[in-house]
Amino acid sequence: MKGVLLVNLGSPDSPTPKDVKPYLDEFLMDERVIDVPKWLRNIIVRGIILQTRPKKSAEAYQKIWWEEGSPLVVISERFADKVKEQSEIPVALGMRYGSMTIKKGLDQLHKKGVDEVLLVPLYPHYAMSSYETVVVKTMEVREEFFPKMEITTLPAFYKNKDYIEVLSKSIAEGLEGFEYDHILFSYHGIPERHIRKSDPTKFHCKIDDNCCKTNSVAHHTCYRHQCYEMTEKVKENLGLSNDKVSLSFQSRLPNDPWLKPYTDFEFERFPKEGIKRLAVITPAFVADCLETLEEIAMEGKHQFQEAGGEDYKHIPCLNDNEAWVNLMVKWIGDWEAKETLPV
């Protein structure tokens, strides 16, 4: 019997330092998030970051927390419920971090008799710290608790024609009535070394202006290339001019080179160059979360306007958009009936 496990990032159980601390500990101690030797990761995370970050993060979560709970979890549940309603096979939801675990999701499917699972990491792009860690964790859980389960993984869908169409339509709707000077595609940042580590050729990814444009097998696991590719495809779909669109990367840790340009630097640069009306899109996420609602919609707007910007619009993620739900249902149906996956 076939079934589906949708997996997103996760969230603390409440916006309090008490609940944020164990969540951050699990997240930051993941070797694919902070990829240094465990002894050093212990010092960085438990000796430094967790001494101050839980209180600051809890304050940020409090700004965006909904009455029903964490926006990311609530939105993911709404999306999963809609997908369930239209799917012929069981669908479960899990999170990579936090109390809504991947194990609980697989257990739900197992109890329904499922022995073939379509794993859907809810990330459009491949990255060590998002897509890859979901796949690795799921396989570990399968080996330990559900050894007879077969798992097939949905590939990263950053350039899938149907997904680009759904995303573009959502962006167009978000832009209605807003006369922008510029559109910024702000993607989640990762350390530059993650790009090199994910390069199977070990020589292609130089993180310059050329490697992402030169065809290579490395692009299958290159987050940077995939962000540029998605931006180009949305631009083509919406007929946007090159001078009106750019991309950047947000949410970095200090003392390490991360992908550039940095989103917060762009917010300060744009007004100085005459860009006063800015629209921001966060297409690394399929559901709005702390990084979109607090960092971009709130802090980003404040930073842009403090630098001299005037009008600012954050365009929501796809969330539980009906077209996005329908597309996921189609992908699930194709896999269930014909064993085919989207490309």
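Strand β7 (residues 277-281) sits largely enclosed by the rest of the structure, because four of its five residues are buried (under 20% relative accessible area, with exposed meaning over 50% and partly exposed in between, for a 1.4 Å probe and protein chains only). Strands here are DSSP runs of E with at least two residues, helices are runs of H or I with at least four, and both are numbered from the N terminus. This is a predicted model, where local features need pLDDT of at least 70, side-chain atom pairs count only at pLDDT 80 or more, and totals for chains, interfaces and linings use all residues. Residues are numbered from 1 along each chain as its sequence is written, and side-chain values use heavy atoms, leaving out hydrogens and water.

As for neighbours, β7 has a parallel pairing with strand β5 (residues 182-188) over four bridges; two strands pair if DSSP finds at least two bridges between them. Here Phe 185 stands opposite Ile 281 of β7. Strand β8 (residues 311-315) also runs parallel to β7, joined by five bridges, and Tyr 312 in β8 is the bridge partner of Leu 278.

Zooming out, the chain holds twelve helices and eight strands. It is as compact as a globular protein of its length, because its radius of gyration is 20 Å, close to the 20 Å from the globule rule for 343 residues (taken over C-alpha atoms; the rule is 2.2 Å times the number of residues to the power 0.38). The C-alpha trace spans about 60 × 50 × 45 Å along its principal axes, and 55% of the 343 residues are buried.
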